[in-house]
Amino acid sequence: MAEEYRLEPVTVLFADGDDAQCNAIRLYAQSQDAVKVCGTAQTGQQVLELLRNGMEPRVLVLDTLIQNPGIFSLLYQISQLSFTYTPNILLTSVNGTLQSSQKLLTLGVDYIIFKPYTMRELFETVFQWGTGPANFDVYRVREQLNLYLDQMQVSRGMQGVSYLQQILCREVLTEGGFSNEELCHYVAQNQHISYSAVISALRRLNDAMARGNSAFYQKMCTVNGKADSGRVSERELICTLAERIRHAMHR
């Protein structure tokens, strides 16, 4: 069985004349797998050369202060290129006048990201513009879980995390109501592993969360009628996280 909730990454080309910003983008890209940076450029000419040589990103992110050529000429020249798939174009900019923003939006620009922004906000915006609704929903479930894992100081690299991601996607993005057995068998089939291996990995992950005794985990315990220094069951863990994610996604 093919994995139903596999995240399809979005390819992007970033262009910014600030070398430090380009380095920050490349560094952040290494910490996530939703957006694949296929290139960074510091001049408009470098952007055009990359595109003319066959690079076809799903998203182009251009800083409005880009030079050689400047942003208006660059947008015009990009509009004259042929693409198999026309990329979405996002601009990064300081807050400008309404008139200049509207003018840029008539030149093929899909969205303007105003500074300041965090790398997380930048990459999330890129992903949203470069993907479809179903893939973005998977991304939102994963990102919400990652926020909770960070609050509990649990490594995202633990084996049980990828299993929990799939379980929560299935529970949140469908009508839900699956039993633990059904959810774990589902993951086992997708991963071509044994049912017991999924159960063991989830138990180890839950143990790590309980040992951390974070405020977030304590709250999960109290919500489920346990002492704040206690441990929720794997079923309670799944149901509580699924409900929190549904609420965050307004589902």
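In the predicted model, the contact between helices α6 and α11 is formed by Arg140, Val141, Gln144, Leu145 and Tyr148 of α6, which meet Leu241, Arg244, Ile245 and Ala248 of α11. By residue class, this contact between α6 and α11 comprises six nonpolar, one polar and two charged residues. Helix α6 covers residues 133-151 and helix α11 covers residues 234-248; their axes come within 10 Å and cross at roughly 120 degrees. Because angles from 65 to 115 degrees count as roughly perpendicular, the arrangement of α6 relative to α11 is therefore classed as oblique. The crossing of these two helices, α6 and α11, is right-handed.

The crossing of α8 and α9 is right-handed. On the α8 side, the contact involves Glu181, Cys184, His185, Val187 and Ala188, and these residues meet Tyr195, Val198, Ile199 and Leu202 of α9. The residues of the contact between α8 and α9 divide into seven nonpolar, one polar and one charged.

Cys184, one of the α8 residues in contact with α9, has a relative accessibility of 1% and is therefore counted as buried. The cysteine sulfur closest to that of Cys184 belongs to Cys239 and lies 12 Å away, which is too far for a bond. Cys22 is likewise classed as buried, because its relative accessibility is 2%. For Cys22, the closest cysteine sulfur is that of Cys38, and the separation of 13 Å is too far for a bond. A disulfide requires a pair of cysteine sulfur atoms within 2.5 Å, and by this criterion the count of disulfides is zero.

At the level of the whole chain, the secondary structure consists of 11 helices and five strands. The C-alpha trace spans about 60 × 35 × 30 Å along its principal axes. Of the 251 residues in the chain, 45% are buried. Among contacts between residues at least 6 apart in sequence, 65% join residues at least 24 apart.

Definitions and conventions: Residues numbered from 1 in each chain as written. Predicted model: local features only at pLDDT ≥ 70, side-chain atom pairs only at ≥ 80, totals over all residues. Heavy atoms only, no water. Buried < 20%, exposed > 50% of the residue type's maximum accessible area, 1.4 Å probe, protein only. Axes fitted to C-alpha atoms, helices over the stretch in contact; angles between N-to-C directions. Helix = DSSP H or I, 4+ residues; strand = E, 2+ residues; numbered from the N terminus. Parallel < 35°, antiparallel > 145°, perpendicular 65-115°, else oblique. Left-handed = near helix turned anticlockwise from the far one by under 90°. Contact = heavy atoms within 4.5 Å. Nonpolar A, V, L, I, M, F, W, Y, C, P; charged D, E, K, R; others polar.
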